[in-house]
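I opened the notebook to look up a few local features.

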Amino acid sequence: MRMAEIVAGAVLATSAAGVAQGTSDPLRVWVGNPDAAAVHAWVQGHLDEAARLEAQLLAVKGPRTVENTLAPFDEATRALDTASSGPSLLNNASPKKELRDVAQIEIQRVGKAGDELSLNRAVYEALRAVDVSKADAPTKFYMEKTLREYRLAGVDKDEATRNKVRDLQDKLTGLALRYQRNIAESVAHIEVKDVAELEGLPADYMHRHPANAEGVITITTDEPDYRPVMTYAKSTALRQRLFAAYNTRAYPVNKDLLLEVLGVRSELAHLLGFATWAELATADKMVGTPANVRVLIDELDKAARPAAAKEKAELIAFAQSKDSSITEIPEYSSSYWTEQYKRATYGFDSQSVRSYFPFAQVQEGVLHAASRIFHVSFVPAKDAEVWDPSVTVFDVTDGVAPGGKKLGRIYLDMHPRAGKNKWFNASTVVTGKRDVALPEARLNGNFAGGEAGDPGLMQYADVVTFFHEFGHMMHGVLGGHQEWVGIGPFSVEWDFVEAPSQMLEEFFANRAVIDTFAKDAKTGASMPKELFDKMVKADAFARGISIERQLMLANFSLTMHDRAPQTVDLDALLHEGYVKYAAFTEAPENRMYATFTHLMGYSSNYYTYMQSKVIALDFFAQFDEKNLLDGPAAMRYRKTVLEPGGSVSANTLVKNFLGRPQSYDAVRKWINEEFAAPVK
Ligand SMILES: [Zn+2]
């Protein structure tokens, strides 16, 4: 057990609430090798603690203060965070099925308790009665933000309205689950009768798709089947057929569900005093209003349109040189021609760089780069107990010299294994709070390697992902030292949270950074300059087209939510988007909205990716390209953007670092990088 960094009070409180035998650590559920019953009891201990703190704050007689009301509220929030982080980790990463199963049930239980607190009228009234006029700025900010969240959830409304809000929210949850389940259950397939139709696909793909006794090959709409066909198959007819099967999954059932969702969201927005759902959904974001999302879309469109037109012309000319009958590129041929163009123009084969990216070297390179950029050290915590022996743990200490003040801890859980989730993400393990608990974060990866004898040669895109997720990790560790957990790093506005991660991605395209770790796995030779240039050039191609595609999706998601739902014609909106933004011609059979899962989680706010990207590139432009790792911008970035966590608004974070609001100059330059210098 490691609890030197936890004040005795917090530990005693949790222990008093009853930590089960089997889990010997109040903040780290996996420690002590618990069984399912012990996990349940561990969660219950934290839920009891949250309930006790809530009762304590409601029982206050006399004037309400930060100490007697906000402080227990924040501790209740921390107890719920802990109750949620534990089972979330087990559900995603425990090698034991028994624990993953119990964790799913516990997550729902904690979710209910969280809803209860965040919809509690008495708690809202108690917080509202606190006098914060003499409190410090972060405390005032915390209070304002919390009260606004309560109001956006309708907690300040009369009881009949609150009941109606709850009904509509339950209805939305149910509809979203059905939408997702319909997608999961709607795997389609096509049949290929002539093996010649699969020309262009890699040998391992052919090997995985043998013909049956009748000579028929079946290809499903699952990603590992779908992507290679769209990228490599020479047959246009095959790509068109599979594209149609893929983009009509869960149709028409999910079209009807989506229209129902739009209706319920609109009703909910009206109840809460907003004209449209888009107004409600942007009210607590950096942008603030749907009109500002339009500004973002229009500005980015201006920045990307000239490049997209040039890229499109180049692609069509290239396709014509191979097939003179081609005048347009339909969407189902876009990946194929882009891949062919990159190979022919840059001579770059994504397989050719893998030997320079063996996993262990890349990890060392990322840690080394992060250490220099953020002025921290990563000290192996070899005695730390982990949930799987493959997980490595580092304590993060301040300064590049050893022996600095401990700032937090990171867990690197990097390779696939049975039962582990298939994604790449960073998540909170221990919620940090100044003088109470140090932040701990976990990187969930599914990178190559991890088996004895396998060097784990990584793809270019995987290395970028590693940098991306590490950006989240540093945000979590450096920003997790606030006075209150409610203003921690991941409480920052949703349209900002991907900025620190996308910012770190940019470091990877820098020669000096790559040189620190990209060495051939067998010979130890550095990556040749020519190969590096090709890699960077190939990566930079078609940024205009891809930004325009993102804008099409952002516009689609916004437009269906910023008007009366009965006037929404999904097919017409999709068609308008293609005409306005897409480089490739629309396939008339496309019903992608039936499988566009972001419409459930992000609703009208698909733009958030683009907003974070604009900021990330603007941030990165402040660094000295010649001295990326050691220049002064990095420390200023740590102090003004990462360390404040969510204690000020994201617009303030941006202004504090840039000295002005975000601009579109950096993103424009980034989009046009491909045209900046001749290919070597
Ligand atoms: Zn991310």
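I count a contact when heavy atoms lie within 4.5 Å. The model is predicted, so I use local features only at pLDDT of at least 70 and side-chain atom pairs only at 80 or more, while totals for chains, interfaces and linings use all residues. Residues are numbered from 1 along each chain as its sequence is written, and side-chain values use heavy atoms, with hydrogens and water left out.

**Arg417.** I found Arg417 in the loop between strand 5 (406–413) and strand 6 (425–430). Strands are DSSP runs of E, at least two residues, and helices are runs of H or I, at least four, numbered from the N terminus. Is Arg417 buried or exposed? Arg417 counts as buried, because its relative accessibility is 16%. Buried means under 20% relative accessible area, exposed over 50%, partly exposed in between (1.4 Å probe, protein chains only). Leaving aside neighbours within four places in sequence, Arg417 contacts Ala93, Trp387, Asp388 and Ser390.

**Helix 25.** I looked at residues 650–658. Ala650, Leu653, Val654, Phe657 and Leu658 are buried there. They sit on the same side of helix 25, because they cover an arc of only 110° around the axis. The arc is taken from the directions from the helix axis to the C-beta atoms. Helix 23 (608–620) and helix 24 (633–642) are among what covers these buried residues. Gly659 follows helix 25, and its phi is positive, near 80°.
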